[in-house]
Amino acid sequence: MEEMPKTYDPQEREPELIQKWMDAGCYQRSKGVGDCTVVIPPPNVTGILHMGHAMDDSIQDAIVRYNRMRGRSTRWILGTDHAGIATQTKVDKKLKSEGVSRLKIGREKFIDACWDWTHEYGGTIVSQIKRMGCSIDFSDEKFTMSPEFSRAVRKVFCDWYHDGLIYRGKRIVNWCPNCTTAISDDEAEYRDEKGHLWFMRYPLVEPVDGVEYITVATTRPETMLGDTGVAVSPSDPEKAKLVGAKVMLPIVNREIPIFSDWHVDANYGTGFVKVTPAHDPNDYAMGQAHDLEQINVFDEHAVVVEGYGEFSGMTRDECREAIVKWFDEHGLLDHIEELDHSVMHCYRCDTALEPWLSEQWFVAVDKLKERATEVVKSGEVKFHPARWTDTYLTWMDNLKDWCISRQLWWGHRIPVFYCEDCGWSDALMEDTDVCPKCGGHHVHQDENVLDTWFSSQLWTFATQGWPDNTAELEAHHPTKVLVTARDIIALWVARMIMSSLYFTDEVPFHDVFIYATILAKDGSRMSKSKGNGVDPMELIKMYGADAMRYNLLTLITNNQDVKFDADIDKQSKKLLGSPRTEQARGFVTKIWNASRFVQMNLDGYVPGAPKVETPEDAWMLSRLARAVSEATEQLETYNLGDYARNIQSFFRGEVCDWYIELCKGRLLDGTPEEKLQVQRNLVYVLDVSMRLLHPVMPFMTESVWDALPASGLDPHDAEFLMVAKWPEPSELAAFVDEKAEGDFELAKRVISCVRSTRARYRLSPKAELAVAVRCGEAEAEVLAGQEAFIKSVGRVSELSCGDVQKAEGAVSVADGTLEIFVGLGGLVDLAAEGARLKKELAKAEKDLASVERTLGNQGFVAKAAPEVIEQKRTQAAELTATIDQLKSQIADFE
């Protein structure tokens, strides 16, 4: 058995272990009883790892590693998404930088360029996922544009088309003038912006009771060129007399009717609403109900089309300015008000979206949503945390037909073919250039491609061989759990459930784990432009993958958002450090040092069963059994944050700080029999602890476990810890001893108070102190039974318990039901100590007053950066705690 190195180097050890695990096939499908198949939410093929990915992948790997050790059939399926708009945008930019136009080279060559880009850059995020230590099946990577996946996508389209669930029609869509494609409602990002409400006069064709014009209020004057009506509310009696009258639309001199419709809010603006059916969803609905003409005034780039005189050729913004000026010059601009409103933007290029009437392909969702709602209501699919169930159900209740066509070249081309000779059209599984109806050769395929989410919705079953009835699909679908972000519950999760139920008659997964959004230190969204984004790979370089992964899991709570405490240089935008990840690395070091100490003291070790010889043995083995039970329950129920935090509390606070320390006497000075038994106990505790820690900290635990000999209850015959057996709670249940835990915890409380007093007054660790404990009769009896232990470990010269009094020269420490008096005797100059503490108190109170004055200055609060204000508040809280502590200490001397 080789001695563990003095220091652990993650940069050397982690890549080495990754290669060993992969060479041994540990990442591929494991055999077992029960199933845990997980699909990775496919990252964009051209993407790079960000903190959201790191959180997602850390959670998934913890789940997969735990289930693998639990003996279940486990596989984590890898794959990437072709990411239609994202990839096309990147390739477009690359070609433009080379002086090449997509339109000039044509569709076929552009798609070739997209494939070249994918092959060149597509492996980056996969290699980063690998470096994290994710035990995903890298030997069988999937891609949403692979031939196998394309066949599945095509079958779904054709089946839904022939089943009447896919149709083509003219609808208002969210159009991106920059990407020149439709964007679904769920992909649109709303942003509050400062704008205006323009009040514009429209003359009546014929006056009504002396009224010569009406005034409409609009946030978009530029669309008035396409107005084909004016609407009022049916609940507005003052305007009833104008219903049926006509308005002469300025500029274009178009006669348009005034009508009443329930879409109109009588209290908004003037109560008169201009109706532009081709440029607003509500207006479109009113236009359908009242048979209004639909007029598109913009082309695909949001430029005014021909036929509007001086306004033709203008962009939206130019047209807005020109029309407002025209109305003003002609005495038709009533007034302007400032207005804050929400504007939709493209989630890819950030361009303001244009509601635009165009011909698109849609999925009719009414036949899909009912069952997809029921499986969540019944609990067949469960959300964790449970509150996301309501988010899903609310979205399903308001679900509209899904626009699935995109005006792109990169993606799955819609498999509908048209004959120009006879008018035949159909969706086909195979391409054709001959019309099956008339035999003509003038056949062409639809130019549009499918929304990226159309293909990714098939992820759980298409990655396992569907539409073929494969053994993999039969045995491992539905999958175990989907780990994803809240912002794609509608975009992806719901659609996966709908499509899986339709095509496999099964839910795609049993559980959905929604992780919190990771925000920057100040609570804002992380972004490259702000310079507050954190690169997980930089964290790994600084602290190692174990530390990063462990820290991320400890951040998991029931909150929607978590702040990541990274320090970033504002000028260079370089990551300087992350205090919490630094602390996590400290925990890694603690594990290594504790394990190394044990390993260095195993001379003469012979495997054997753990055994209770002392109170601390009984306490430790009982606590170990409980830790196994708690960790197992937490991982089974996806309480990963509690699991990560509790396992640290157990190992650092109980195994390291207490048990290993208490075992040193027997290890170093005990009889051969005592030494051997404590070695066996320590090896067993370490062995089980490494298994418990492995899902969250795979590299460190594998390294420690490899260096440990076999424990007495486990042959240690697995090649790697990651495929070793998880400690079953039932196998450790015999160790549970509530009395031993209670008795030991009581003694610990006394010893901890003595130690804290010793530290407070800067006493030597070797100085023995007289201690009296005021407590109840039952507690006194327990403490009396552990007197030798307390004296030895706590360096206590005298111990009395029960109805005792505070002796002169003693200080008191309260701990729950105990009041502990620690005699300082001549070890401390009480008068000088009291004076020193009062001096410290005065300074702390002065500092607090200064900070509170600063925070009370409204000018400072209004102008200072949020992080500066937060720093001041933290300082005030720390000073307040210090003052309370000093006052408590001073009371000991009065």
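This is a predicted model: local features need pLDDT of at least 70, side-chain atom pairs count only at pLDDT 80 or more; totals for chains, interfaces and linings use all residues.
Residues are numbered from 1 along each chain as its sequence is written, and side-chain values use heavy atoms, with hydrogens and water left out.

**H17 and H20**

I looked up the geometry: H17 (residues 579-600) and H20 (residues 672-693) pack at about 155°, with axes 11 Å apart. Axes here are lines fitted to C-alpha atoms, for helices over the stretch in contact, and angles run from 0 to 180 degrees between N-to-C directions. That makes H17 roughly antiparallel to H20 (under 35 degrees is roughly parallel, over 145 roughly antiparallel, 65 to 115 roughly perpendicular, the rest oblique). On the H17 side I listed Phe-587, Ile-591, Ser-595 and Val-598 as making the contact, and on the H20 side Leu-682, Leu-686, Met-690 and Leu-693; contact means heavy atoms within 4.5 Å. Helices (H or I, at least four residues) and strands (E, at least two) are DSSP runs, numbered from the N terminus.

**Rings**

My search of the whole structure turned up 32 aromatic pairs. Rings of Phe, Tyr and Trp (its six-membered ring) pair if their centres lie within 6.5 Å; planes under 30 degrees apart are stacked, over 60 edge-to-face, the rest tilted. I picked Phe-157 with Trp-361: centres 5.9 Å apart and planes at 70°, so edge-to-face. The two are 204 residues apart, with Phe-157 in helix H6 (residues 147-162) and Trp-361 in strand S13 (residues 354-363).

Are these two buried or exposed? Phe-157 is buried at 0% relative accessible area, and Trp-361 is buried at 4%. Buried means under 20%, exposed over 50%, partly exposed in between (1.4 Å probe, protein chains only).

I also checked Phe-383 and Tyr-392, a tilted pair at 5.5 Å centre to centre and 40° between planes; both residues are buried. Back at Phe-157 and Trp-361, ring pairs link them into a cluster that also includes Trp-160, Trp-402, Phe-461 and Trp-466.

Next, charges over rings (NZ of Lys or CZ of Arg within 6 Å of the ring centre and within 35 degrees of the ring normal). Arg-102 has its charged end over the ring of Trp-409, 4.8 Å from the centre. Lys-664 lies over the face of Phe-597 at 5.0 Å.

**H16**

I counted 10 of the 10 residues of H16 (residues 545-554) as buried, so this helix is largely enclosed by the rest of the structure.

Most residues other than glycine have a negative phi, and most peptide bonds are trans. I logged the Trp-466 to Pro-467 bond as cis, omega near 20°, with Pro-467 in the loop between H12 (459-462) and H13 (471-476). The His-477 to Pro-478 bond is cis too, omega near 5°.

Tyr-638 has phi near 65° and counts as buried at 6%. Arg-795 has a positive phi of about 55° and is partly exposed at 38%.
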